[in-house]
Amino acid sequence: MDLSPVLISMKTAAAAIIITFFVGIAVAYWVVNMKHEKLKMIFDGILTLPLVLPPTVAGFFLLYIFGVKRPAGKLLLEFLGVKIAFSWGATVLAAVVISFPLMYRSARGAFELVDSNLLYAGRTLGMSEWSIFWRILFPNAMSGILSGGILAFARGLGEFGATAMIAGNIAGKTRTLPLAVYSNVAAGDMQGAYQYVLILVVISFFVVTGMNYVTYVFQKYNLTEEVPRIKRKRKQR
């Protein structure tokens, strides 16, 4: 059995979740703090769009933007020597675009569920917005953020449609596990397809179970000690 799809998928999902996790948190925080409600709805719609679009449509747009004969793709190729389309980087790009809405929506929902009185208490005590984010908002929203990370990683691992459009199905280069399953079924090699499907199921199960355990531990031994400290300080004042 060719193990290259396993390695490519794991590398792609790992690279994609690193990008998606931090960018998703930053964008979610930015949208939550937007003052203009209509603009917030517009940006939210744009950022969530890849979640509801068919993956092949998202892949079409990526290919249209980053194709070697398209402005963005041509610019990257001529000035930076970077070819996006039909490269391993394209698998990461597809995974990021498709999994980003899950991370963004989960982080945004988690931020919005944090008691705003805790944030006001921090500002009353003279804490900077940076300190409030890292010491109050982020710890209290950690459960939802981790859940978003779980979903985004699993979605990036199982991405098929957009990857096939922008990265192709090149053996040993862009053929991820879902593409390997498709290729083996198309070739009539059901035994090989079964093996790849089993690997996907096992990896997905252990990733979700492991991350759920981390979330459980974090919730059980919650590190959000800033909340009682703020309450004590307010009482002292």
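This note goes through a predicted model point by point, from the annotated segments to the salt bridges.

1. Annotated segments. The UniProt record, an unreviewed entry, lists residues 12–32, 44–66, 86–104, 132–154 and 193–214 under "transmembrane region". Two of these ranges can be set against the model. Residues 44–66 are 91% helix and 0% strand, with 24 Å between the end C-alpha atoms. For residues 132–154 the figures are 96% helix and 0% strand, and the end C-alpha atoms are 30 Å apart.

2. Threonine 91. This residue sits in helix 5, which covers residues 88–113. Threonine 91 has 0% relative accessibility, so it counts as buried. A polar atom of its side chain lies 2.5 Å from the backbone oxygen of tryptophan 88. Leaving aside residues up to four places away in sequence, threonine 91 touches Thr12, Thr163, Ala167 and Thr174.

3. Isoleucine 25. Helix 1, residues 4–32, holds isoleucine 25. Is isoleucine 25 buried or exposed? It counts as buried, because its relative accessibility is 7% and the cut-off for buried is under 20%. With residues up to four places away in sequence not counted, the contacts of isoleucine 25 are Thr20, Met103, Ala107, Phe111, Phe133, Phe138 and Ile145. Phenylalanine 206 is 181 residues from isoleucine 25 along the chain, and the C-alpha atoms of the two are separated by 24 Å.

4. Isoleucine 42 has its place in helix 2.

5. Salt bridge within helix 2. The model has a count of six salt bridges. In one of them, glutamate 37 pairs with lysine 40, and the closest N and O atoms are 3.7 Å apart. The two residues are three apart in helix 2, which means that about one helical turn separates them. Glutamate 37 is partly exposed because its relative accessible area is 47%. Lysine 40, at 9% relative accessibility, counts as buried.

6. Aspartate 44 and arginine 105. What is the N to O distance in the salt bridge between aspartate 44 and arginine 105? The side chains of this pair meet at 2.6 Å.

7. Aspartate 44 and arginine 108. Aspartate 44 also forms a salt bridge with arginine 108, again with the closest N and O atoms 2.6 Å apart. Why does this pair tie together parts that are 64 residues apart in sequence? The reason is that aspartate 44 lies in helix 2 and arginine 108 in helix 5. Aspartate 44 counts as buried because its relative accessibility is 14%. Arginine 108 counts as buried too, at 14% relative accessibility.

8. The network. Side chains of opposite charge can pair when their charged atoms come close. Here a network of salt bridges links Asp44, Arg105, Arg108 and Glu112.

Notes. Residues numbered from 1 in each chain as written. Predicted model: local features only at pLDDT ≥ 70, side-chain atom pairs only at ≥ 80, totals over all residues. Heavy atoms only, no water. UniProt positions renumbered as here; feature names shortened; annotations may be inferred. Helix = DSSP H or I, 4+ residues; strand = E, 2+ residues; numbered from the N terminus. Buried < 20%, exposed > 50% of the residue type's maximum accessible area, 1.4 Å probe, protein only. Polar contact = N/O pair within 3.5 Å; in protein donor to acceptor, adjacent residues only side chain to side chain. Contact = heavy atoms within 4.5 Å. Salt bridge = Lys/Arg side-chain N within 4 Å of Asp/Glu carboxyl O.
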